[in-house]
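Biologist: Walk me through this model, please. Keep it short, and define your terms as you go.

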Amino acid sequence: MSQPSVSAAPGETIAVNLQVNGTSHSLEVDPRRSLADVIREDVGLTGTHLGCEHGVCGACTVLADGEPSRACLMLAVQADGVEITTIEGLATDAGMHPVQQAMHDAMSFQCAFCSPGFLMSTVALLRDNPEPTEAEIREELSGNLCRCTGYQSIVDGVETAVQLMGGKSS
Amino acid sequence: MSSATTDRQSSGLGFVGQRVKRVEDERFLVGEGKFIADLNHEGMLHAAFARSPFAHAKINSIDVAAASRLPGVVKVFTGAELNAVTNPFIPFFTVGGLYTPLYSCMSDDRVRHIGDPVALVVAESRYIAEDALELIEVDYEDLEAIGSIDAALKPGRTQLWEKADGNVLGEFTDTFGDVDEAFNQADRVITKTFDCPRQSNQPMETRGIAVVVDPTTGHLDIHSTSQAPHFKKWAIAAMLVKDSTAASLAKFARNSERRSAFLAAAKDFVAANKEKMAQQDNSGMVSQLKKDPSTMLHQLRMGAGLLAADDYPTVMAADIGGAFGSKGPVAREDVAVAAAASELGRSVQWIEDRVENLLDGGQAREERFTMSVAVDNDGMLKGLRVDAVLDQGAYTGFPVAPALIALLWKVYFPGPYNLDAFEITSKIVTTNKGRVVPYRGPWANETWARERMLDLVAAELGLTPVEIRSRNVMREGVSMPDAFITGPTIDETMSVAKTFDRALEMIDFDQLKRDKADAEGRGHRLGLGIASYHEAAPGPPNFFSSVQPGTDLFVYEDGRAEIGTDGTIRMFTSQSPHGQSHQTTYKQVAADEFGVKMEDVEIVWGDTDRTQFSFLGTGGSRGGPMGGGVMRMTARELRQQVEKVAADMLEASVDDIDIIDGNIHVAGVPSRGISYADVAGKVAADRNITDEPAFMEAMKYEGVGNGGWSVATHVAWVDIDLETGEVEIPRYLVVEDCGPIINPGVVDGQVRGGVAQGIGAVFYERTHYDDNANLMSTTYMDYLVPTAMEIPNIEIEHMETLTEGENDARGTGEGGMIGAPAALTNAVSDALGVQVTEQYLPPYRLLELAGVIEPEK
Ligand code: FES
Ligand code: FES
């Protein structure tokens with residue numbers, strides 16, 4: 001028996017304009033390339049990580065027009081004209097974003113490979129729900145896998161962020 | 001909450017013991033970590049492996065012509081091509097009675113598991129490389145596959161390895177005390193079999209390797225997700241040796257400088273290690289050579305090649321996204337990619353994808369234990385017999401698993417309980433599955449089986465789990481021997497009883513009764529499970545010689561401290577951090593020793609050209625006790641040297657020198673202090689040096705004292721919904737003693753992460769092969785890593801027993817995972833009123849055990 005053979009796709013490219021962290025990038029991309037790959041390789045921002053490339057681990061989460069989205073499942077061409085925010089877009093000259101600061105204070109991460117996804121999901125979560133309960137935090141973050149921490153320190157980090165951002169402490 | 005976390009800036013009060021925030025975060029939290037896939041080397045080519053879709057098959061032919069023609073493809077290597085330029089994996093660590101089949105970096109005539117690599121595409125991009133995979137035609141001829149321990153044990157089935165006896169690679173027995181006597185004398189003998197299915201480490205970052213070839217010299221810079229870069233360096237160097245033994249030896253003989261340096265080093269080594277070398281157990285090599293004499297020829301060729309080589313690869317590990325043991329071994333892909341790059345003379349990288357990681361990135365713990373316990377009616381344990389079987393998969397992990405796992409069972413199985421006699425027979429079997437690697441507490445199933453068995457014995461005798469443990473646990477001053485029956489010596493750090501007693505104080509048994517009744521009222525069942533264990537972290541001096549005589553040769557820890565001519569303090573560790581916060585904790589330790597701020601200390605790791613050799617790298621929960629120990633000792637030594645020079649400069653006595661925040665001064669007159677830069681500058685000027693350190697101290701650290709035990713008692717409460725089989729863990733308590741804590745935030749994180757993996761193992765995760773060794777769990781849709789919804793808050797109580805000696809911190813990386821499966825399955829047994837004998841308990845299985853649904857046959 002032998003394996004089936006498939007012929008390769010022709011190598012045409014499409015022009016896209018990606019808005020990443022407020023900077024516009026005009027790129028020619030192979031239409032099948034994922035948004036994650038283009039952000040990492042063409043835009044050169046490697047803070048967005050790939051843990052599974054099949055939409056489960058959440059490490060690749062970016063904000064696309066404000067919504068947490070899996071950059072491994074999106075094609076770069078789908079993001080034409082979309083405002084993308086990655087982990088590199090959170091801190092400002094004034095310092096870390098409160099969510100970053102809070103995760104630092106709470107010692108949330110270990111290897112931190114998962115951290116870009118958790119940070120982006122948390123930013124979106126606290127924008128939509130500034131004072132989540134612990135159960136809400138856990139539910140909202142259940143689309144992000146972390147293998148190191150057992151999550152408690154990450155949940156602490158979100159709660160710390162609530163405080164830093166002026167919500168009530170939980 | 002994290003309010004106790006500190007930004008402490010001054011060295012005056014000490015950093016060790018404080019919940020100091022992580023310095024690693026400064027790069028990670030802003031997306032500036034440098035993981036293997038982030039390195040972005042100039043001109044790097046990308047590799048992808050063609051892998052077998054069959055569990056067991058002959059390869060009749062392979063055709064890579066079409067793939068090679070695809071634009072952008074640089075080269076397609078067949079398995080045979082890469083095997084022709086590499087040496088095979090030969091057993092590095094073995095045991096009498098075991099045969100380890102040799103294997104090459106690729107498969108060329110036969111595949112032995114789903115995902116077995118048969119060809120390697122090197123192309124300009126990963127997309128193109130993966131396109132080319134589709135064009136490779138392989139003609140496979142299906143063979144019967146061995147998909148389970150039962151099938152492997154059955155005689156007459158298709159063999160994976162011709163030279164083996166069936167599919168059993170070895171069997172070995174160890175006996176301690178008079179086992180027959182113990183079994184004859186005891187009131188009764190209780191026997192039960194326990195099964196643990198396959199699991200996987202599953203770090204969030206997969207494996208990867210980027211081999212950068214220097215176009216002029218051919219030198220290889222190998223960037224790797226490696227827990228043990230030094231071992232990987234030498235293993236790859238050896239496997240890439242091409243010259244014959246004779247040619248290498250002739251070359252070595254001609255190089256008189258190299259020859260005399262080697263002979264001098266060898267003489268020193270032998271002189272320093274004579275005793276240990278004399279103890280070395282060579283019976284494993286004897287049984288290996290009986291089965292496969294070619295092992296010796298390969299060994300000689302690689303050894304001679306290493307002697308003759310003019311250059312060795314450099315291995316570098318930057319940031320690593322978790323490993324849990326899986327990135328310790330040297331894998332076939334490492335050798336294949338290094339060989340491909342070296343053959344092409346071009347840089348090549350391979351980043352494993354998640355599916356590959358689930359196929360062969362590291363699997364663990366598929367083991368079976370039949371335990372017989374000889375016990376008196378009052379619950380006093382007398383003897384233990386264990387028949388253990390470990391399913392190693394097709395290719396033996398390199399360098400240590402699985403033989404080491406079996407040897408660790410031998411040492412650990414009786415646990416912290418007194419016994420008169422113990423015997424264990426371990427079998428290692430081979431099946432058509434992925435590679436077994438060490439997984440966080442690789443031996444941990446001894447704790448699971450033992451603690452489960454204790455509950456079972458208690459039930460049979462009409463005792464409670466608490467009673468049987470109380471009667472048998474080793475107690476300091478009462479029933480604590482000087483050594484375990486299996487060899488390792490004990491001191492006060494083996495404080496399991498303390499953790500057990502403390503745990504009992506923290507359980508409200510009356511409340512438990514009420515909670516159980518309440519759960520029943522809701523159609524649920526609630527139960528409580530207890531489990532205790534001890535762990536050599538790093539263990540007493542005779543620990544490794546108890547595992548296998550002579551192996552303690554490899555377990556010291558090297559480290560180095562330097563002060564540059566500008567006063568910069570650099571600490572060089574041979575550890576390879578991948579989440580354990582080494583940078584933070586070593587800065588804490590060194591800053592305290594030097595009397596400087598943490599930011600004044602630089603930690604250097606992961607580069608084999610800059611750090612000293614370490615066989616293990618990061619593993620075995622050694623980062624705190626051994627890695628931290630050598631940081632402390634070298635720093636202390638250098639500080640003394642600095643104080644001497646400073647005392648001269650300040651015209652004072654050394655005893656009066658004080659250092660706070662880097663201000664070196666006579667005690668009481670900080671205003672007239674000098675800096676490390678001043679002292680280093682003086683030394684540099686006096687000795688007229690510019691590009692070497694002003695101060696340098698390297699050490700080999702062997703740990704301290706007789707103890708070095710980390711111990712814990714875990715208590716789990718589980719609540720099972722009898723309608724859905726869903727589990728909740730309303731409370732999980734760890735009472736642990738890893739000695740004085742360097743950074744509580746880090747230690748707590750390690751404990752919780754380990755427990756989380758234990759929860760995953762019991763309720764969610766399974767590397768599921770069917771009877772024909774087809775892998776059913778090839779994505780995260782099937783291999784269920786638990787989320788924030790499944791892992792509860794974990795309560796941790798620290799005991800911090802001190803012992804004699806410096807740097808008494810003990811290891812904490814593995815313990816969480818060692819205790820959790822036992823505590824959880826004990827809790828399930830208590831909840832359902834059945835004695836569970838398997839480790840994997842997904843909802844359907846819980847409902848079967850509860851009698852709610854009919855078991856599948
Ligand atoms: S990499 Fe996108 S979800 Fe895992
Ligand atoms: S910190 Fe390692 S995966 Fe989350």
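Modeller: Contact means heavy atoms within 4.5 Å. This is a predicted model, where local features need pLDDT of at least 70, side-chain atom pairs count only at pLDDT 80 or more, and totals for chains, interfaces and linings use all residues. Residues are numbered from 1 along each chain as its sequence is written, chains are lettered from A and ligands numbered from 1 in written order, and side-chain values use heavy atoms without hydrogens or water.

Biologist: Which pattern does chain A follow along the sequence?

Modeller: Helices (H or I, at least four residues) and strands (E, at least two) are DSSP runs, numbered from the N terminus. Chain A has 5 helices and 5 strands. Its C-alpha atoms fill a box of roughly 55 × 45 × 25 Å along the principal axes. Read along the sequence, the pattern is β-β-α-β-β-β-α-α-α-α.

Biologist: How many residues of domain 1 and of domain 2 of chain A are in contact?

Modeller: Domain bounds come from an automatic or database assignment. Here they give domain 1 (14–89) and domain 2 (98–164). The C-alpha centres of these two domains of chain A are 21 Å apart. Across the contact, domain 1 of chain A puts in 19 residues and domain 2 of chain A puts in 14.

Biologist: What share of the area buried between these two domains of chain A comes from carbon and sulfur atoms?

Modeller: Buried area is the accessible area (1.4 Å probe) that two parts lose on being put together, summed over both. Between domain 1 and domain 2 of chain A it is about 1200 Å². The share from carbon and sulfur atoms is 62%.

Biologist: Are H2(A) and H5(A) parallel or oblique?

Modeller: Axes are lines fitted to C-alpha atoms, for helices over the stretch in contact, with angles from 0 to 180 degrees between N-to-C directions. The axes of H2(A) (residues 98–105) and H5(A) come within 8 Å and cross at roughly 130 degrees. Under 35 degrees is roughly parallel, over 145 roughly antiparallel, 65 to 115 roughly perpendicular, and the rest oblique. So H2(A) and H5(A) are oblique.

Biologist: Where is Tyr151(A)?

Modeller: Most residues other than glycine have a negative phi. Phi of Tyr151(A) is positive, near 75 degrees. Tyr151(A) is in the loop between helix H4 (134–140) and helix H5 (152–164) of chain A.

Biologist: On to chain B. Which three residues supply 34% of the area that domain 1 of chain B buries against domain 3 of chain B?

Modeller: The assignment gives domain 1 (9–33 + 557–701), domain 2 (38–143 + 206–320 + 327–360) and domain 3 (440–539 + 706–849) of chain B. The C-alpha centres of domains 1 and 3 of chain B lie 38 Å apart. They bury about 1500 Å² between them, 55% of it from carbon and sulfur atoms. More of domain 1's share than from any other three residues comes from Arg19(B), Ser621(B) and Pro625(B).

Biologist: What does the contact of H8(B) with H11(B) have, by class?

Modeller: The axes of H8(B) (residues 245–254) and H11(B) (residues 294–308) come within 8 Å and cross at roughly 30 degrees. That makes the two helices roughly parallel. Among the contact residues are Leu249(B) and Phe252(B) of H8(B) and Leu300(B) and Ala304(B) of H11(B). By class, the contact has 7 nonpolar, 3 polar and 2 charged residues.

Biologist: And what does the contact of H15(B) with H24(B) have, by class?

Modeller: H15(B) (residues 445–461) and H24(B) (residues 815–832) also have axes within 8 Å, crossing at roughly 30 degrees. That makes H15(B) roughly parallel to H24(B). Residues including Trp448(B) and Arg452(B) meet residues including Ile818(B) and Asn826(B). By class, there are 4 nonpolar, 4 polar and 3 charged residues.

Biologist: In which loop is Pro399(B) found?

Modeller: Most peptide bonds are trans. Phe398(B) and Pro399(B) are joined by a cis bond, with omega about 10 degrees. Pro399(B) is in the loop between strand E16 (381–391) and helix H14 (403–412) of chain B.

Biologist: Last one. In which loop does Pro538(B) lie?

Modeller: A cis peptide bond joins Ala537(B) to Pro538(B), with omega about 10 degrees. Pro538(B) lies in the loop between strand E18 (524–536) and helix H19 (543–547) of chain B.

Key. Ala, Val, Leu, Ile, Met, Phe, Trp, Tyr, Cys and Pro count as nonpolar, Asp, Glu, Lys and Arg as charged, and the others, Gly among them, as polar.
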